[in-house]
Amino acid sequence: MSATDKRYSVVIAGGGSTFTPGFVLSLIANEDRFPLRKLKFYDNDEERQKKIGDACAIIMKERAPQIEFSYTTDPEEAFTDVDFVMGSIRVGKYHMRELDEKIPLRYGVNGQETTGPGGMAYGLRSIPAIIEIIDWMEKYSPNAWMINYSNTIAIVAEACRRLRPHAKVINICDMPVALMTRMAQICGLNDYHDLDVNYYGLNHFGWWKEVRDKKTGQDLMPKLRDHIAQNGYWIGGQFDQETEKSWAETYKKAKDCYALDPEALPNTYLQYYYFPQYEVANADPHHTRTDEIREYRQKIVFDECARIVQAGTAKGNIWEASIEHSNYIVDICHAIAYNTHEKFFANIPNNGAIANIDPDSVVEVPCWFGADGVQPMATGNAGEFERGMMMEQQTCEKLVVDAYEQHSYNKMWQAFALNKTVPDAAIAKKILDDMIPVNKPYWPELK
Ligand code: NAD
Ligand code: G6P
Ligand code: MN
């Protein structure tokens, strides 16, 4: 078989994820350029995964019977004979996400999945689970690559840098490409593939310095500045105002971030650091994003899976048109498999990519993806303001990994206390003290 005839074996870790059916449809849609021989799901929650797995088995049988499909909770079965691991786990599931969001809000502090104390709590839960998966992958399929997007990515990437520096794991986020797709549409282009950019920062904490039309080289910044100054990244009603209300608000809020700092275009997540008081005032401490997901995304996905299983067919399923996030991950696997050296984004040790940032700390920058992994692009200097913000945030992320390695209460308190979203060190302690008992099954014992 020549290299070009190769068919790949993929395992989705976190098979019970709400995003899994979208991945399956993306993989099928991309069969011509990234052909599969095997697709497996792995999860540690048998019941949750079965609901998604049984529906996907029907999708696979109808759309891609040539691909061998199975799902399992056994790590050896899952990670043996795979070329790619797609990491999509949520340690503690939505129950713990809810606590990440609601505990800080008790004290008037930002309650969000990946930012502030909630994001740091989530990162600390994810570290051992991701390391475990890397170790299984290395044991059972030593040549495989793991494309991980299980959050909190900045913290997971710092843990990988320290604990498994040689592992073939790439930690990614879809926010830059999701925003670039919006930018492309604002400029009358199709999607992120049509843009060439210079972007720098940390995960959920970055800025675009340059955006150009990839084909013509035309500078698109003036057009984007005009749009963002008026509308943020909001491009109209395609978003279901009811089911994704908080995302609609987030896209619009980028207008205020941009107004404060018009030198570069902001990642949407900067809203939590620029406007912590607004975010808290605007939040309902008893109804957060997790509730919205339970009411809509999770319900819609699991109801649809049940419907497919009941009907015995996946004809007319709801995911056909909404696979943007999963297409990106297939793009990345394709670039590694075929050594294309396309430019995407990764969270990697800086090593000079941002000239005035410590070479050892993890940053999110454009990288060339190929068979040897990722090579970061040199992005130049961070602005002085942005550099200051990044150093503070990076230190928080490092302190969380210190807390993990040293089982240190004090390091975790320092991480919370230093964070820009936390106004007071005593409040940081109260939040941490509320989080420790509920995180007992997942965190090391902090002493
Ligand atoms: P979800 O709760 O629907 O699914 C996660 C699955 O992971 C669950 O089925 C759960 O049982 C499983 N799981 C938990 N711990 C596990 C472990 N140790 N081993 C194996 N399986 C385990 O979550 P979701 O909302 O679909 O999100 C999945 C993940 O993707 C989250 O980490 C989320 O933050 C992340 N995400 C990241 C990006 C990004 O930009 N990087 C984008 C979207 C989602
Ligand atoms: C974006 C971010 C992810 C994050 C997700 C949360 O895609 O890049 O890192 O996990 O949004 O979305 P949700 O709909 O679960 O709130
Ligand atoms: Mn992300």
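## The sheet and its strands

Tryptophan 208 stands opposite leucine 265, a residue of strand E9, in a structure that is a predicted model. Strand E8, which spans residues 205–213, pairs with E9 in the antiparallel sense over 2 bridges. These two strands belong to an open sheet of 3 strands in the order E7-E8-E9, in which the pairing is antiparallel. Its edges are formed by strand E7 (195–202) and strand E9 (265–266), each of which pairs on one side only.

## Helices across the sheet

Two helices are described relative to this sheet. Helix H7, covering residues 175–186, lies across E7 and E8 and runs at about 140° to E7, while helix H15, covering residues 384–406, also lies across E7 and E8 but runs at about 55° to E7.

## The nonpolar core

The largest nonpolar core comprises 136 residues, and within it Val85, Ile147 and Val400 touch the most other members. Helix H5 (residues 116–140) supplies the largest share of this core, namely 11 residues.

For valine 400, leaving aside residues up to four places away in sequence, the contacts are Met120, Gly123, Leu124, Ile155, Met412 and Ala415.

Conventions:
Residues are numbered from 1 along each chain as its sequence is written. Chains are lettered from A and ligands numbered from 1 in the order in which they are written. This is a predicted model: local features need pLDDT of at least 70, side-chain atom pairs count only at pLDDT 80 or more; totals for chains, interfaces and linings use all residues. Two strands pair if DSSP finds at least two bridges between them. Helices (H or I, at least four residues) and strands (E, at least two) are DSSP runs, numbered from the N terminus. Two residues are in contact if their C-beta atoms, placed from the backbone, lie within 7 Å. Axes are lines fitted to C-alpha atoms, for helices over the stretch in contact, and angles run from 0 to 180 degrees between N-to-C directions. A nonpolar core is a set of buried Ala, Val, Leu, Ile, Met, Phe, Trp, Tyr and Cys residues joined through C-beta atoms within 7 Å. A residue is buried if 20 or more other C-beta atoms lie within 10 Å of its own, exposed if 12 or fewer, and partly exposed in between; C-beta atoms are placed from the backbone.
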